[in-house]
Amino acid sequence: MAATQEEQENPLAEGLERLPVHPTTLVIFGATGDLSKRKLLPAIYNLAHEGALPERFNMIGSSRSEMSDGEFRDMARDSIRQFSRREPDETVLEALVCHMRYMPGRFDDDTVYERLSTSAADFDSEAGQPFNRVFYLSTAPSFFPVIVGKLGEHGLDSSDDAEVRVVIEKPIGTNLEEAEQLNRDVLAVLDESQVFRIDHYLGKETVQNMLAFRFANGLFEPIWNRNFIDNVQITAAEDIGVGTRAGYYDTSGALRDLVQNHMLQLLANVCMEPPVHFSADEVRDEKVKVLKAVPTPSPEDSVHAQYAKGVSGGDEVKGYLEEQDVPGDSTTETFVALRLKVDNWRWAGVPFYLRTGKRLARKVTEIAVTLKPVPHLAFEQEGSVGVQPNTLVLTLQPNEGVSLSLGAKIPGTRMRIRPVNMEFLYGTSFMSQSPEAYERLIMDAMRGDATLFTRNDEVEAQWRICDPVLEAWAEQDGQLPSYPAGTDGPGEANELMPEGKTWRAI
Amino acid sequence: MAGDLGPGRWSADDTSPGEIEAALRGLLKERFAEHETFAPARVLNLVVVADSDWKGEIQNRLDRVGRHHASRTILCAVESGRTTLDAHAEINVEDETRSGEMVAGTEQVTIACGERHLPGLDTIVDPLVVTDLATLIWAPHGHSEGLDALMSLAQIVLVDSVNEPDPAEAVRRAQELSQRAYVVDLAWLRSTPWRERVAASFDPPLWRDELRRISSVTVRHQPDSATAAVLFFGWLAARLDWQVESLAGQDGSRYGTARGKRQEVTLRMSPDPEMSAPGLAGVTVETASGMSLSLDRGPGGLSAKRRLADGRESAFTVMGASRGEAGILGEGIRQALLRDHTYAPSLEAAASMLA
């Protein structure tokens, strides 16, 4: 039987580093917003600079601000010049903005979608081929169901000859109920395969490297289980305060802002079973299995706190309640520590400690895997710190790398042992500059590769872990614990640790 | 005589590989003492054999490649009549690093040597390359004796086939080197955007079948870059399973035919005197059903013109910044650690066209 057109492979694509991407019309809702200016437009420029955009590419920006095509292009130029990771090549920048149009209007205004439909059809007709359509929802979450609904009403949710995809920014709800409702609203119009929920953390090279570390090296996998691992600590510490994000942050807090999405993704990457293939659904299936294996944390498994004034980087800094735009009686947490379990065959009995916070001692994101102590100590312990359990640390930022603590003999006549570090830094082995996470994610959305996007059941599984914590906090009376800015967080976090164990120094 | 030139630098006249290696170790210790977070980059050894008169130009080219540089570069500057070895070594660190961030260092060694050293160049360079890292060798000014000596140390050879005036000889030499190491050819890398664009143009399922109906391909190239054009034909022939024949030449142009599965393909390549940078200037692909695609260099990328089988025409820009010659060299160094298995078959097809 002869192969159909779709089944035939493109022999010219073989061996190319950049695989062809189908001609695409990208529509950004919220195109004049902060995310668009700082991240999306610069990312699109960098893709254009590298010749990675589809050979035919059009972009339509839409938002409520009234402006002409020319004014939108001026705004895009300015944003790209200000925020691009490389200095723009003016000829490429001009070529790119020439492909941009702007459509002002409210997101519930039918005429916006009518004009979108007409413009997209014009692009197809002009090129003599149907373009794929990617709708990027860079708006307030309350507009997600509105926009998706309107896309459906106006027949923009599907195309006979091309793919239609919708990219949704976080947050996907502020609790499980909202996440489920949003997923229902979206999936009433679209198929799950069309929905690309962004967690930009997954687009970072450092996070993708975790999977390479685990599944491309035979050295660690044999010990990657409860028989050898004593505990795992995942830390995402920031040394800065809320800054200009106070308005958003105060309605969110550390748990919603970082734990529900990014940190649980890191947990899933640490714990997941190796997928048979590195395909979107196989990877996400494995991650969902991990999240579903996390039992509901009890109130004793969490600590939350707010930073008080203190000293950071040698300077006195304000406490959270004194920050601009933060209500004086806010109970929003800027620090959270959790003790979680993963109840499955591989991980039963291994505690996972997660902590994140603002205004901590320094900026670091790391996963520390501490092995069980050796079963018998033949060495004398006097006169040294002695034999310590091996700790494998995967650092995601700022110095991406892997370090392993090993016991080594202290030079001298006695057999005394102390830990030493074996370090590997990615920056010494790859001199190339990593692309921004949004470049990778926008390209993947255009190519239809959902591996680095969050599936509906994944989001809901994340909320099932976080919802009970939020509910327990809501019922708690009394003052929220505080910690001085510039420290490792509140002392209460130590109560999550069993006797003899401590948090790693930040 | 050895001299300490200050932090991170060392030089000596009439020296030996052992002394140079010891000096490098000393420089590394200095850097570790200076920066708590210093770490030597460990990516790739690059050994360059170049004319002494042109070592500055080579150094400038290497300085401009951007982030895709080797972690240890050993530049052997060949000076006519020289009998001794002089050397200079330095460890460079990034200028802009924030407190607490890793400071990666790259090592550069320049050795002044004579032609008499070339047959045994491997014995000079061997102690200086970082063991277990891949080693890339590059001899931009010929020095085939030195290159041959270094082949035992190298896994990768960097060549630029357009530097050889005779395309047949350029392809023969690249094939010969391919038998002994992985070859990264800058002439091939210059055609990457063109190959990507032609592949992308025929990628939509609607048009993929047109690949079997290609009836003619015309390549326009910089007058000295005929080899790049033949490699492009070679790529199409290898990927699309065309049977190729020798190209005939006239006034700098070459033409011929290839036999596709369905039909004959006319091939034509012609020099573009307007073009100064090495590489391709334009490509036109036509199919038997009346479709055509033409790509030419333009502002902000490639200017494309497409005619569909029904006669409709459109013009558009395929966006992409020019990488420049420094970017091409950087790309060559980056590619040393990757593997493109489509180059060798393309080279073989190109050799058949030039037979």
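**Charged pairs, interface and backbone**

I start in chain B, where B:Arg31 and B:Glu34 form a salt bridge with their closest N and O atoms 2.7 Å apart. By salt bridge I mean a side-chain nitrogen of Lys or Arg within 4 Å of a carboxyl oxygen of Asp or Glu. Before going further: this is a predicted model, in which local features need pLDDT of at least 70 and side-chain atom pairs count only at pLDDT 80 or more, while totals for chains, interfaces and linings use all residues. Residues are numbered from 1 along each chain as its sequence is written, chains are lettered from A and ligands numbered from 1 in the order in which they are written, and side-chain values use heavy atoms, with hydrogens and water left out.

Back to that pair. B:Arg31 and B:Glu34 are three residues apart in helix 1 (residues 17-34) of chain B, so about one helical turn separates them. Helices (H or I, at least four residues) and strands (E, at least two) are DSSP runs, numbered from the N terminus. B:Arg31 is buried, at 11% relative accessible area, whereas B:Glu34 is partly exposed at 39%. The cut-offs are under 20% relative accessible area for buried, over 50% for exposed, and partly exposed in between, with a 1.4 Å probe and protein chains only.

Over all chains, the structure holds 55 salt bridges. One in chain A joins the side chains of A:Asp281 and A:Arg455, at 2.8 Å from N to O. A:Asp281 sits in helix 9 (residues 280-292) and A:Arg455 in the loop between helix 11 (437-447) and helix 12 (456-475) of chain A, so the pair ties together parts 174 residues apart in sequence. A:Asp281 is partly exposed at 41% relative accessibility; A:Arg455 is buried at 9%.

Next, the interface. How many residues does each chain give to the contact? Chain B gives 54 residues and chain A gives 46, where contact means heavy atoms within 4.5 Å. About 4000 Å² is buried between the two chains, and carbon and sulfur atoms give 57% of that. Buried area here is the accessible area (1.4 Å probe) that two parts lose on being put together, summed over both.

The rule finds four salt bridges across this interface. There is a salt bridge between B:Arg306 and A:Glu55, with the closest N and O atoms 2.7 Å apart. On the side of chain B that touches chain A, helix 7 of chain B gives the largest share, seven residues.

Now a charged residue without a partner. A:Glu333 is buried yet has no salt bridge, and the nearest side chain of opposite charge, A:Arg256, is 6.1 Å away. For charge, Lys and Arg count as positive and Asp and Glu as negative; His and the chain ends are not counted. A:Glu333 is in the loop between strand 10 (315-317) and strand 11 (335-340) of chain A. What does its side chain reach? The side chain of A:Glu333 reaches the backbone nitrogen of A:Leu255 at 2.9 Å. Beyond four places in sequence, the contacts of A:Glu333 include A:Tyr249, A:His304 and A:Trp473.

Last, the backbone. The peptide bond from A:Lys170 to A:Pro171 is cis, with omega near 5 degrees, and A:Pro171 lies in the loop between strand 5 (164-168) and helix 6 (176-187) of chain A. Another cis peptide bond joins A:Gln397 and A:Pro398, with omega about 5 degrees. In chain B, B:Asp132 is not a glycine but has a positive phi of about 75 degrees. B:Asp132 is exposed, with a relative accessible area of 80%.

Definitions and conventions
Polar contact = N/O pair within 3.5 Å; in protein donor to acceptor, adjacent residues only side chain to side chain.
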